[in-house]
Amino acid sequence: MSDRAAFLRAIAADPADDTVRLAFADWLDEHDEPDRAEFIRLQINRARSGQEPKNPDLPPREQALLSEHKTKWFGPLANFERHEGFEYAARRGFVESATIYGRLVAEHGAVLRDHCPALTELDVIGVRGFGERLANEFPSGIRTLRLEDWPFPDDTKAIMGSPNLAHLESLSFWIGSTNDEAVCRAIGAARAFPALKRVELVQLNGGIDADEEAPALDARADQLAALVNTTRRSTVATVTRPCSELLPLAPYVGWNLHGGSVLGGRQALIHARIENNAGECLVYYFDAAGNLVGGEAIGVTGALRQRVDYRGYNEEELYAFLGERIGFKPETIRVHEFSADQVFPGNWTRIYKYDGNALEFIESGGEASPF
């Protein structure tokens with residue numbers, strides 16, 4: 001085994017240890033790879049300074065080094081980039097998390113293993129039909145594996161029998177298919193993962209978009225989690241419901257909706273229904289937990305005087321008007337799913353998690369648009 005391979009193997013065996021990474025940087029300096037050594041040291045220093053969680057974008061020097069050498073350092077997968085099905089994050093000098101299409105893992109698993117020895121967190125998009133090939137190609141250091149798909153039972157059995165996932169601690173997968181029970185039994189019956197502490201069942205179908213079926217879907221998801229726990233003889237399975245998460249709404253989120261706060265810091269969403277500087281604003285109010293609790297209509301006839309833009313009103317002037325009336329300040333807010341007819345009967349506006357891909361959707365006037 002070469003010195004390089006020995007370093008990479010040691011990094012894969014203990015991803016949390018910076019000592020080996022820094023020793024590898026010294027070795028790289030001695031073997032005419034100063035840029036790679038600099039990149040590792042820069043990222044480790046930034047992580048140790050506590051800046052990393054607040055600064056997901058790479059600083060200029062790190063970005064320049066990565067742009068110049070990414071193919072050599074991280075392999076040909078780096079050339080696929082986001083639109084081709086591979087998105088990665090480099091931390092402490094190496095790729096530590098990635099999102100990748102199942103097809104690419106099956107076809108380029110060796111490349112992934114060779115160039116991403118510190119990969120601990122992997123999201124695989126599209127699992128169906130690739131289970132056996134994925135099982136053979138997974139890198140050995142993965143601690144968190146997310147299957148962004150409704151896997152077939154055979155795919156699940158193959159993945160749960162993978163010899164490459166000995167360190168797996170957390171597994172998630174989608175539920176909502178006719179194969180759910182068989183998949184959950186296969187996961188519960190697997191005995192190859194002594195480190196497995198968490199199994200997350202992602203229930204995409206639910207919330208207000210499921211209407212009257214929501215309680216039954218919630219109950220079924222809970223039963224599936226119980227099946228995993230019973231079969232595995234351990235309480236590891238939980239249900240995650242994207243529809244119950246807080247949804248971030250920007251100062252302008254589309255469909256003439258504006259997030260912000262009012263006097264007292266209460267979160268509010270403005271629905272501006274204005275043409276030619278006249279009309280009304282519907283104001284939705286939310287409690288501290290992000291639940292819709294009330295609303296009021298504010299007339300704006302004659303209040304706006306500036307030239308209108310494509311929305312039918314001047315945004316800055318609207319903010320100034322609402323600032324005087326209710327202390328409105330545009331800013332990002334975080335709220336739960338809601339339907340406006342809770343406070344304005346007959347209003348069609350809804351904000352919810354779409355069950356197909358868990359993206360936030362706005363619906364107004366009977367039409368839906370992602371943002």
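This is a predicted model: local features need pLDDT of at least 70, side-chain atom pairs count only at pLDDT 80 or more; totals for chains, interfaces and linings use all residues.
**Aromatic contacts, helix packing and backbone features**

One aromatic cluster is formed by Phe7, Phe24, Trp27 and Phe94.

Helix α1, residues 3–13, packs with helix α2, residues 18–30, at an angle of about 160 degrees, and the two axes lie 9 Å apart. Because angles over 145 degrees count as roughly antiparallel, α1 is described as roughly antiparallel to α2. The crossing of the two helices is left-handed. On the side of α1, the contact is made by Asp3, Arg4, Phe7, Leu8, Ala10 and Ile11; on the side of α2, Val20, Arg21, Ala23, Phe24, Trp27 and Leu28 contribute. Classified by residue type, this contact holds nine nonpolar and three charged residues, with no polar ones.

Aromatic pairing was then examined across the model. In general, a pair of aromatic rings is described by the distance of the centres and the angle of the planes. The count comes to eleven aromatic pairs. One of these is formed by phenylalanine 39 and tryptophan 73, with 5.2 Å from centre to centre and 40 degrees between the planes, a tilted arrangement. This pair links distant parts of the chain, since phenylalanine 39 belongs to helix α3 (residues 34–49) and tryptophan 73 to helix α4 (residues 60–74), 34 residues apart. Phenylalanine 39 and tryptophan 73 are both buried.

A further pair consists of tyrosine 284 and phenylalanine 344. The ring centres are 5.6 Å apart and the planes stand at 75 degrees, so the pair is edge-to-face. Tyrosine 284 is located in strand β11 (residues 278–286), whereas phenylalanine 344 is in the loop between β15 (338–339) and β16 (350–353); the pair therefore ties together parts that are 60 residues apart in sequence. Tyrosine 284 counts as buried because its relative accessibility is 0%, and phenylalanine 344 likewise counts as buried, at 13%.

In helix α8 (residues 180–189), the buried residues are Asp180, Val183, Cys184, Ala186, Ile187 and Gly188. In helix α10 (residues 315–326), attention falls on glutamate 317. With a relative accessibility of 16%, glutamate 317 counts as buried, because the limit for burial is under 20%. When residues up to four places away in sequence are not counted, glutamate 317 touches Leu304, Arg305 and Gln306.

Backbone geometry was considered last. Most residues other than glycine have a negative phi. Arginine 92, however, has a positive phi near 55 degrees, and arginine 233 has a positive phi of about 60 degrees although it is not a glycine. Each of these arginines is in a loop: arginine 92 between β1 (86–91) and β2 (94–101), and arginine 233 between α9 and β7 (237–240). Their accessibilities place them in opposite classes. Arginine 92 is buried, with a relative accessible area of 13%, whereas arginine 233 is exposed, with a relative accessible area of 74%.

How values were computed
Residues are numbered from 1 along each chain as its sequence is written. Side-chain values use heavy atoms; hydrogens and water are left out. Axes are lines fitted to C-alpha atoms, for helices over the stretch in contact, and angles run from 0 to 180 degrees between N-to-C directions. Helices (H or I, at least four residues) and strands (E, at least two) are DSSP runs, numbered from the N terminus. Angles under 35 degrees count as roughly parallel, over 145 as roughly antiparallel, 65 to 115 as roughly perpendicular and the rest as oblique. A crossing is left-handed if the near helix is turned anticlockwise from the far one by less than a right angle, and right-handed if clockwise. Contact means heavy atoms within 4.5 Å. Ala, Val, Leu, Ile, Met, Phe, Trp, Tyr, Cys and Pro count as nonpolar, Asp, Glu, Lys and Arg as charged, and the others, Gly among them, as polar. Rings of Phe, Tyr and Trp (its six-membered ring) pair if their centres lie within 6.5 Å; planes under 30 degrees apart count as stacked, over 60 as edge-to-face and the rest as tilted. Buried means under 20% relative accessible area, exposed over 50%, partly exposed in between (1.4 Å probe, protein chains only).
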